[in-house]
Amino acid sequence: MCELDPGGRQRISLPPPILVLTEMGIVHIIKASNIFDLLSVSLVPKEVSNLDNLFLNHAKNFKALSDDLRLNILFYLYQNNEKCVCSLSEYFGTAQSALSYHLKILTDNELLIKRQDAVWNFYSINKKHFMFSVLEQMFESMAQQQLPNDESSKKAE
């Protein structure tokens, strides 16, 4: 017989307990009072969930790095250490509001460290972030690629 639960959904009687065998061969014993309880149960083992969270975290970091202005901000801060928003805005010729949007994304992903001094916000690269070594290699490679052009222009003088 079908009943309605307090939310107005149809309740289906299930014989407890229910054994569920996942693709990974793990058996879960579930006691469900209705089909909605059964559907809300996660059958993913914790190891896979932690791995999924790790991939999600990496994807968010790569998404934060996928904008050329944000990469330019990181490169500028890599070369110049800590700078305030007004200095960054002046250097990039961008409104502070537009720049703040990108700085927030980088800060939310912990790629930048924000330090507030009175009304001023100062930003620097988070050297403890796991992506710092990747950024450092990329920035060093970029600096080396710029050297031959700079040297050839000096020789022409």
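The model is predicted, with local features requiring pLDDT of at least 70 and side-chain atom pairs pLDDT 80 or more, while totals for chains, interfaces and linings use all residues. Residues are numbered from 1 along each chain, and side-chain values use heavy atoms without hydrogens or water.

**Exercise 1.** Determine which residues of α4 are buried and which are exposed.

*Solution.* Step 1: V85, L88 and S89 are buried (under 20% relative accessible area, with a 1.4 Å probe and protein chains only; exposed means over 50%). Step 2: these residues lie on the same side of α4, because they cover an arc of only 100° around the axis (taken from the directions from the helix axis to the C-beta atoms). Step 3: E90 and Y91, on the other side of α4, are exposed.

**Exercise 2.** Identify what covers the buried residues of α4.

*Solution.* The cover includes α3, β5 (83–84), α5 (96–108) and β7 (120–125).

**Exercise 3.** Describe how α4 packs against α5.

*Solution.* Step 1: the two axes, α4 and α5, come within 10 Å and cross at roughly 110° (axes are lines fitted to C-alpha atoms over the stretch in contact, and angles between N-to-C directions run from 0 to 180 degrees). Step 2: α4 and α5 are therefore roughly perpendicular (65 to 115 degrees). Step 3: V85, C86, L88 and S89 of α4 meet Q96, L99, S100 and L103 of α5 (heavy atoms within 4.5 Å).

Note on methods: Helices (H or I, at least four residues) and strands (E, at least two) are DSSP runs, numbered from the N terminus. Angles under 35 degrees count as roughly parallel, over 145 as roughly antiparallel, 65 to 115 as roughly perpendicular and the rest as oblique.
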